[in-house]
Each structure stands twice: as structure tokens, then as C-alpha cells.
Amino acid sequence: MATRRPPLQVTLSVWKALLLREALTRLFKGRASWFWLVAEPLAHIAILSFLFTVIRQRTIANMESELWLVLGLVGFFSFRRTAGQGGAGIASNRSLFVYRQITPVDAILVRSLIEILLMVIVAIIAFIGIGMYGLDIIPHDPLLVLSAWSGVWLFGVGFGLVLSVFNELLPEIGSILKLLMRPLYLMSGVLIPISIIPEPYQSYLMYNPIANGLEGMRSGFSPFYHEVPSTSVSYLHLCSLCLLVTGFLAHRRFRKELISK
Amino acid sequence: MIIAENVYKRFRTDHGVGDWILKDANFTIPKGKSVALIGQNGAGKTTLLRLIAGVDEPTRGSITRDCSVSWPMGLGSGLQGSLTGRQNMKFVARIYDRSDDIEEISEFLEDFSELGSKLDQPVKTYSSGMKARLQFGLSLAFRFDVYISDEMTSVGDKQFRQKAKAEFKKMVDRASLIMVSHGEKTLKDFCEAGILLSGGKAYWFDDLKDALREYNKEIGMAAKQRRAKRA
């Protein structure tokens, strides 16, 4: 212990330890929590798919509505769950900060990683499900799908980082940010296609980076999908980058205040 | 050696900046010397321990360490309640990059803590004495130069305290202890020097007995003042 370990090695071992610990906690917290972890988002998807396809309509903007829904929900959950977990990351890991090599950023990044791993598992199960239903589940432009999906997730990571700082130092603003997250479910084109909304309101809605990400994921899946014309995945990535930089800077600037409480 | 120079510390509260808890504290803890931190409730003992351990940073001033310092062991701090004692041990081994020695650490922990099959049950089912056994055993399994303990030994039973003391005697040439406790006997058992915290300042005493005498005088004076005010 006399020699000092290089900082990167410290961080990597902390991430590994946190990942295993957080995963264990989430999986075995209560009775069969490992089941609900995956079943909860899947049930959400299944119920909505049932409502949409059986009662409402077969296709949305020239895409099978199951596929349209699954892509939207998986993408949106990748944002919302990551942002929510990240935002609460400091408060629920406070007991960890007695080990000085663990910083709040580590806790939030590891939580975000766990959320996206979880969403990948959920997506795989959901796609196998609709694949067995007879739909084509091979994306025609996988890179675009991955880029848009990772963009939505990174936006969630950045949002979580910023939210966590506010939650600790200015809880009032934290509550407002959380309130702002609510209507996003309806305004990001998860359930209501933005393409059916008339101008000029459609352009307003496309200022929302998440809506761009979801449309990007869908258009990467099928070449025949009629996406909203102004969709731009680079806009989403730019917004994510801004949030991430803001979040990291805030964590660096307020590291003392975040730990001591 | 641990050197504190002009250490100031205050905390943010919901209503602005709080009062200074430490105000220009200066001291040097020589290598290998076990020190007791004494002072009244709210004198800043736990705060100072956290600063020495490097968990928190002083608002002003600096603390320099040229030795490895353990994490501050407090009641149940740093343990995850829903994980078992063994899983907590593995976590700590991993963050200190000692995952290759997990078996060795595990053996030591089993032997020291005497928790038996309880080691494989969630920490939230532990009593506070059992938690103290786990934490003490855990930190002793890692080779630190300085161990930091906040009111930990007082919850253990007699047998555990004797064991901890024996373990410390064994490594007195390589490690020392900085501790907070309200039990004078415990302090005398473990420490030789003392730091008295009073009014945000830190006073160093080479002999713990002098520190305790000064502390008792301070309490006596406070009591006398209260009596004078009432009269």
C-alpha cells in the first residue's frame, strides 16, 4: 500500500467494484427483484403494443406499429431511467464516499452503465418477441440505430449528472427538472407520432433532442419509414455533449460540496 | 506523518454558510504515534477524522499525509446493508485493487471477526457490535499505516476489545491509530498522545493523560459558568 497507484487504475478498479456491487444489489434487493427488473419495462411495452395494434392501428408512418412502439419506448426508457438513476445517484450512495477513492461521478457513471445494459437485455427480449410474431427485426442501417440510441442514452447520462448536482445543492431546481421530465414522455414522439402534428408545432417539438433520437432510431431500422423531415441525430449528440460537459464541470467544481454533507 | 496547517472547516447548510467548526487548527502527528481526539459533542472530532482520512477537504488550509490512511471507520459506515458481510469485503478488496488476495483477506476476516455463518448474511441483520467486528476486521486485513476509528471500539464487547487491542499491539511497529471515543479507558488502552479540540482549535499533548486532564478542566469550567449564570 506504500506505493501510490496510478489514478486511472484506481478509477477502473472502483468502476469494476461498483458495477458488481450495484448489480448485486439491484438483482437481489427483494424477493425476485431480478425478475421485475426486466419484467417491468417489458410489461409496459407489451401492454402498449397490445393497445396499439389490436385496438388502434397496424402501421404508423409506414412502419409496423409494434416495431415503432418498441423502438420509441426502449429509446425513451434509456433516457428516462438513466437520468432518474443518475439524479438519485449521490444520495443513495452516500455511505460509499467514506472510501476516498470513490467519487460521486463514479457512482453515477456506473449506474448509467447498468441502466443501458438492462435496456439492451429488454430490447433483445422485446425484439425476439416481435420477431416470433413475424415482423422483420433486422435493421437496414444498424450504425444509425446504434448512434441514435447511444445519443439518447448519453443525453440521459448528462441529464443525470446535472440533475444530481442540483438535487444535492439546489433541491428546488432539482424538483423543477424532474417536473420537466414528466411531459417528455408525451412530447418525444413515444406514443404520439410527431409526423402527424402540423407545422409550426412540429418544428417546435423537434427542438427536443430525444424526439430526434427516437426518429433516428426508427429511420435507421426501416428504409421505408417516413421520419419527420427535420430529424437530426447530430443535433442530439451535440446536446448530449453539452450536458455531459456541463455535468462533469459541475461535479469537478462542486466536488467538495457534493461529498461533505 | 500527518501535518495539518491552518485548517479551517465549515459546512453549507440549507440556510447559507454554517459556523466555523475548525478554526485555524494546527498539529503534527508523528509517525507511529497513536492519538486520541477528545472534545465535547460538536467540537469537530468526526469532521477532523474525515479530513485526516482525506474523505473531505478543508475549506481553507491543508492536510498533508505521507503514509497510507484507512477509511474512517464509523458505526456501519461504508457497509451496504442488503449485501452480506463477505460481499462487502469483496467490494472493499476490489476498490483497493486486492482482488487477487480475496481468499487471504477472507481468512483473516473470518478469524478476526468470529462472525461464523453470519458473514454470509446481509449486513442489515447485524447488531452494531457485529458491524464493528466486520469493519475492524476488514480494515485490519489491509495494511494501512494509520487506522482511523470513530466510536467503533465502544460498541464491541470485552472480548472483541481485547482482541482488537492485541492485534494492534502486534503491529505497533508498523501502524498507528487515530481514534475518537468517549470511553476514557478505551482511549488509554489504545493511545499514547492526545489532541484536544476546543473552540475550533486543536491542542496537541504528547501525553494522553495531560489531554484528558485539560479536557476535564474544560468541562468543569463550563459547568461552573452555567452555575454562575443561574445564580
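My entries follow, on a helix pair, a sheet and a single residue.

**Entry one, the helix pair.** I kept in mind that this is a predicted model. I started with helix α1 (residues 7-28) of chain A and helix α2 (residues 85-95) of chain B, whose axes lie 8 Å apart at an angle of about 160 degrees. Angles over 145 degrees count as roughly antiparallel, and α1(A) and α2(B) are therefore roughly antiparallel to each other. I noted the crossing of α1(A) and α2(B) as left-handed. On the α1(A) side I listed Ser13(A), Val14(A), Ala17(A), Leu18(A), Leu20(A), Arg21(A) and Leu24(A), and they meet Gln87(B), Asn88(B), Phe91(B), Arg94(B) and Ile95(B) of α2(B). By type, the residues of this contact are seven nonpolar, three polar and two charged.

**Entry two, the sheet.** In chain B I found an open sheet of three strands, ordered β2-β1-β4 with antiparallel pairing. Strands β2 (16-29) and β4 (60-65) of chain B are at the edges with a single partner strand each, so one side of each has no neighbour in the sheet. On average, neighbouring strands here are turned by 30 degrees against each other, direction ignored. I then looked at β1 (residues 2-13) of chain B, which five bridges join to β4(B). One bridge I looked up pairs Glu5(B) with Ser62(B) in β4(B). Helix α1 (residues 45-53) of chain B packs on the sheet and touches β1, β2 and β4 of chain B, with its direction at about 60 degrees to that of β2(B).

Is Glu167(B) buried or exposed? I found Glu167(B) in helix α5 (residues 158-170) of chain B, and Glu167(B) is buried, at a relative accessible area of 15%. Leaving out residues up to four places away in sequence, Glu167(B) touches Phe108(B), Phe112(B) and Leu140(B).

Methods:
Residues numbered from 1 in each chain as written. Chains lettered and ligands numbered in written order. Predicted model: local features only at pLDDT ≥ 70, side-chain atom pairs only at ≥ 80, totals over all residues. Heavy atoms only, no water. Axes fitted to C-alpha atoms, helices over the stretch in contact; angles between N-to-C directions. Helix = DSSP H or I, 4+ residues; strand = E, 2+ residues; numbered from the N terminus. Parallel < 35°, antiparallel > 145°, perpendicular 65-115°, else oblique. Left-handed = near helix turned anticlockwise from the far one by under 90°. Contact = heavy atoms within 4.5 Å. Nonpolar A, V, L, I, M, F, W, Y, C, P; charged D, E, K, R; others polar. Buried < 20%, exposed > 50% of the residue type's maximum accessible area, 1.4 Å probe, protein only. Pairing = 2+ DSSP bridges.
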